[in-house]
Amino acid sequence: MPRIILDTGPLLDLLLCRFWSEQGRPIDENRLICRKQFHIGPEQLSMFLGRYQSIIVVPGVFVEVGRLARDELGYAAGQFRKLPLALFWRVAIRELRQMGIEERWTSFLSLDQTLVEELGPTDTALIRCSQETGEERVPILTHDQHLHGKCKKRQISCLHTSEMRNYK
Amino acid sequence: MLAEENRPRRRRKGTERAKAWIYSVLNPLMEDLRAENTLLAKKNVTWRYQTAEMEFIRQTRELISPSARPNYDDLLRGRPDLQPIMRDRDTKVETLNQAALACWKYLTEGAWFQSHVQQNLQMWTEEGNPYPGGPIPEDEFWQLVAEYVLNDTQTLPYHYSSQQFWSRFQMIFFVFRASPPFSELEQAISALKKANEALIGTLDQTRSHLCEEYDIPAAPIS
């Protein structure tokens with residue numbers, strides 16, 4: 001059964017969507033990048049990921065998700081209604097468990113320095129993670145056009161979110 | 001001398017207090033109660049097997065963020081007419097909590113629900129399917145299934161590792177919802193939903209009165 005490596009953007013979209021839905025709150029899909037930029041709904045994203053038996057995430061992605069969720073929820077909540085990030089993480093951890101997330105650790109200092117300088121530690125760790133899957137060539141799913149381009153150049157298996165429309 | 005309309009307006013005494021009630025208590029509370037009713041309409045009581053309690057259906061005071069609770073307490077002191085309807089709603093939350101707990105005990109204290117799940121899980125894995133619980137330990141998986149039953153979970157997101165297992169066996173597990181504790185649960189859900197609707201109506205009226213009386217907007221505009 002195939003596996004996929006998830007970048008921050010798609011994971012954040014999924015978690016935000018589940019965060020609102022679990023509380024019975026309306027989901028404003030226009031706040032999700034997958035919808036706003038690529039016209040891919042969260043249901044479609046979920047269905048796409050459902051094709052994979054295992055979803056791999058590197059720790060840097062969780063750090064980025066936390067930072068972006070804080071900005072997103074703080075902004076959406078307005079002046080008098082700051083939703084605590086603790087609640088977001090409570091829901092997110094439960095979601096990640098149910099998604100069957102596979103965590104992959106890579107030592108920062110072992111990463112390719114040129115790539116870190118260019119892409120930052122998280123994207124570099126994603127590339128390393130894909131390389132380490134050898135012949136399986138587990139693809140990275142990303143919203144990031146720049147990362148997608150870099151991967152293609154280096155013959156790293158990578159899917160851009162907009163390509164999801166080609167999968168039925 | 002300045003004309004009447006050009007004089008700087010003096011804020012009526014109590015305006016800041018009324019704003020605090022509206023922006024930090026009434027508005028969030030109405031939003032939470034509406035969200036709660038969305039869940040209750042789906043019979044989702046947000047039960048969690050790890051804590052054996054409802055996650056998002058809470059007593060009114062607990063719905064308010066801790067920093068705004070002094071404003072909540074002040075509202076109930078300043079508007080004691082709100083106390084009975086809030087109390088009524090909280091009583092119904094407690095009734096629902098007890099009903100959900102009775103269902104949970106019904107599912108988990110006898111061995112039959114667990115063995116039912118284990119049998120189907122065994123069948124599933126013997127057919128060559130992967131374990132559907134992901135990182136959830138195998139001895140906890142049946143409790144997760146009990147949580148789905150208790151929350152009347154009709155569909156799971158496609159990306160959940162248990163999605164295919166659940167969509168295949170859910171009807172078998174839902175048979176357990178035909179038992180007496182579950183009819184009490186449904187009654188409690190319905191009663192709380194009505195109490196929430198009544199409370200939303202009252203809070204909405206209260207907000208309108210305060211906005212009129214103190215000439216303040218119903219939501220902050222900056």
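Predicted model: local features only at pLDDT ≥ 70, side-chain atom pairs only at ≥ 80, totals over all residues.
Q: Great. Which residues is B:V45 in contact with, leaving aside its neighbours within four places in sequence?
A: The list is B:M54, B:I57, B:L96, B:A100, B:L150, B:N151 and B:I189. B:V45 itself sits in the loop that links α1 and β1 of chain B.

Q: Is B:V45 buried or exposed?
A: B:V45 counts as buried, because 26 C-beta neighbours fall inside 10 Å and the cut-off for buried is 20 or more.

Q: And how far is B:V45 from B:E147?
A: In space they are 9.7 Å apart, C-alpha to C-alpha, while in sequence 102 residues separate them.

Q: Let's move to α4(B). What does its length look like?
A: Helix α4(B) runs over residues 83-109. Its 27 residues reach 38 Å from first C-alpha to last, close to the 39 Å expected at 1.5 Å a residue.

Q: Which of its residues are buried?
A: In α4(B) those are B:M86, B:R89, B:K92, B:V93, B:L96, B:A99, B:A100, B:C103, B:W104 and B:L107.

Q: What covers them?
A: The cover includes β1 (47-48), β2 (53-54), α2 (60-63), α5 (111-126), α6 and α8 (180-214), which belong to chain B.

Q: How do α4(B) and α6(B) cross?
A: Their axes come within 10 Å and cross at roughly 140°, so the two helices are oblique to each other. The crossing is right-handed. On the α4(B) side the contact uses B:A100, B:C103, B:W104, B:L107 and B:T108, and on the α6(B) side B:Q143, B:A146, B:V149 and B:L150. By class, that contact has seven nonpolar, two polar and no charged residues.

Q: What about α1(B) with α3(B)?
A: Helix α1 (residues 15-41) and helix α3 (residues 69-78) of chain B have axes that come within 9 Å and cross at roughly 120°. They are therefore oblique too, and α1(B) passes α3(B) in a left-handed crossing. B:A20, B:W21, B:S24 and B:V25 from α1(B) make the contact with B:N71, B:Y72 and B:L75 from α3(B). The class count there is five nonpolar, two polar and no charged.

Q: Switching to chain A: which residues meet where α1(A) passes α3(A)?
A: A:P10, A:D13, A:L14 and A:C17 of α1(A) meet A:P42, A:L45 and A:S46 of α3(A). Sorted by class, they are five nonpolar, one polar and one charged. The axes come within 10 Å, crossing at roughly 115°, and the crossing is left-handed.

Q: Last one: how many residues of the two chains are in contact?
A: Chain A has 17 residues in contact with 20 residues of chain B. On the chain A side, α3 (42-49) and α5 (85-99) each supply at least two residues. That side has six nonpolar, eight polar and three charged residues.

Terms used
Residues numbered from 1 in each chain as written. Chains lettered and ligands numbered in written order. Contact = placed C-beta atoms within 7 Å. Helix = DSSP H or I, 4+ residues; strand = E, 2+ residues; numbered from the N terminus. Nonpolar A, V, L, I, M, F, W, Y, C, P; charged D, E, K, R; others polar. Axes fitted to C-alpha atoms, helices over the stretch in contact; angles between N-to-C directions. Parallel < 35°, antiparallel > 145°, perpendicular 65-115°, else oblique. Left-handed = near helix turned anticlockwise from the far one by under 90°. Expected span 1.5 Å × (residues − 1). Buried ≥ 20, exposed ≤ 12 C-beta atoms within 10 Å, placed from the backbone.
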